[in-house]
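Open the model in your viewer and keep the selection tool at hand.

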Amino acid sequence: MVKESPTQTKYVFVTGGVASSLGKGIISASLAKLLQARGYRVTIQKLDPYLNVDPGTLNPYEHGECYVTEDGAETDLDLGHYERFLNSPTSQGNNVTTGRIYQNVINKERRGEFLGKTVQVIPHITDEIKRCIKLLGTKKQFDVVITEIGGTVGDIESLPYIEAVRQLRNDLGPQNSIVVHLTLIPYMSASGELKTKPTQHSVKALLENGVQPDILVLRTEKPLNEDIRRKVALFCNVNADAVIESIDVPTIYEVPLRMLKQNLDLVAIRKLGLEVRDIDISKWEEFVEKVKHPKEEIEIALVGKYTELPDAYKSIVESFVHAGAANHVKVKLIYVNSEKITDEKAAEALLGDMCGILVAPGFGHRGMEGKINAVRYAREHNVPFFGICLGMQCAVIEYARNILKMEGAGSTEAGTTPYPVIDLMEEQKGVTEKGGTMRLGAYPCHLKKGSKSYDAYRSENISERHRHRYEFNNKYLDDFLTHGMEPVGINPDTNLVEIVEIPEHRWFVGVQYHPEYKSTVVNPHPLFVAFVKAAIDYKHDQK
């Protein structure tokens, strides 16, 4: 029986105060998951207050991973959380930046759409923000749209967004929107007290901008007692049952279960005037149990050049959580800076105890030689190997140099080379602008039967997301085939080599695309699952 949808799309705005990085994305995704488990159609969008048009040109050290959607949008890493929790794809409309807002308004002004009026933050910028928020809800595809507003209340750059929320709540009318405010309750170790004053000031800043929060989620290191909850409710003008504790947990996937115990979804449903439906969260609970109680632990090296900031590889990290649970193990990732793998001796010291080696994506020549050394170690020592994007390209370069004896083989991304086994894509030649110009989004791939990739996917035809400018140079394809590296995944439209394997190796797979973008709790990515299984087998064989 199809459940009847609400007559109007409901909106939930998630704001943050006191400090950044409190976990608005996880709270947004958790609430969305609970509403979805009650049969509601939910999506989440992120509004980022920075002036970049998108995070595609940002250094990973600045903003962590750049997440790519099916339709080729370069977006904030929080969209990865949304997809992993909801198991449904996001799109260009799910991530909006101040840069895009201003770009849209200025383009309209240049076209004369404002009929000679003075263009101002209010109403023109706020109207554009409201248009972007409502865009996801106007097509009636979703019952609830959750909008996470980046930054913290009180920031100058966040003011237009808070004002847009104030206006939109008036436009939508009662019971059609709520505000969830995430804030910090710090623990003062000197006095042994939890302090509510930062939260009170955060809510005060929100009220000064005309927005009253409906639900408070309090981020804390220590459990909150009833006195603190009542105090916060009294001073911040919210119901006592709308004060929710968000305490540190072993895994982010436990957060929805913690929110469920405190009735976050029921409070939101009541305030939005929605029907209370039965909930089925059993599969999620099973997954969390597997994550928290693995049968064994394996160590896998993640070789990259941004290893000081694990958020640069957020989707890869979470893909290993999903694949680990599928295999009933905990994957302990050992981050290895590729610049430190200077030779065979360094490779042995850094990688010798690993059950598997993943060479991560990246851009530019820095750290590339270390990645190539890591590939060689994995190949020569028969250690399970997984190369993603640049990692696959490094595998091709290493094979060309050491098996095909093409001295100096390399990628034109790193400069001139006598054997450009990796070269700039034809469609990228002549492109000068950096933003949004790579090969982005989902493309098809045909797999060779009998390959390890085919065995993992159990399908001849797949679709995966891309983010790159360089490709395998088909000029050298026959040379690689002759010497034992096979292209087992080919784009049927362009003949682009998508996957390479070494059949004689225990498990050696390099992919041009980014499989980590499609791994979710419900559907762990088959290549990650197969790679982890190969790493487990390798560990057992070493005993």
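Predicted model: local features only at pLDDT ≥ 70, side-chain atom pairs only at ≥ 80, totals over all residues.

Residues are numbered from 1 along each chain as its sequence is written, and side-chain values use heavy atoms, leaving out hydrogens and water.

**Helix pair**

Select α1 (residues 24-37) and α3 (residues 78-86), whose axes are 9 Å apart at an angle of about 25 degrees. Angles under 35 degrees count as roughly parallel, so α1 and α3 are roughly parallel to each other. Now show side chains: Gly25, Ile26, Ala29, Ser30, Ala32, Lys33 and Gln36 of α1 meet Asp78, His81, Tyr82, Phe85 and Leu86 of α3 (contact means heavy atoms within 4.5 Å). These contact residues divide into 6 nonpolar, 4 polar and 2 charged.

**Largest cavity**

Next, select Gly362, Phe363, Cys389, Leu390, Gln393, Glu413, Arg467, His468, Arg469 and Tyr470, which line the largest cavity. A cavity is a set of points on a 1 Å grid over the protein atoms alone where a 1.4 Å probe fits but cannot get out, and lining residues have an atom within 4 Å of a point. Elements giving two or more residues to this lining are α15 (390-402) and β19 (461-468). The space inside is about 60 Å³.

**Second largest cavity**

Finally, select Thr15, Gly16, Ile149, Gly150, Gly151, Thr152, Val153, Ser158 and Ile162, the lining of the second largest cavity. Its volume is about 30 Å³, and its lining has 3 nonpolar, 6 polar and no charged residues.

Definitions and conventions
1 Å grid on protein atoms, 1.4 Å probe; cavity = no way out; pocket = protein on both sides within 12 Å on 5 of 7 lines; lining within 4 Å. Points joined across faces, edges and corners; volume = space filled by probe spheres on them. Helix = DSSP H or I, 4+ residues; strand = E, 2+ residues; numbered from the N terminus. Nonpolar A, V, L, I, M, F, W, Y, C, P; charged D, E, K, R; others polar. Axes fitted to C-alpha atoms, helices over the stretch in contact; angles between N-to-C directions. Parallel < 35°, antiparallel > 145°, perpendicular 65-115°, else oblique.
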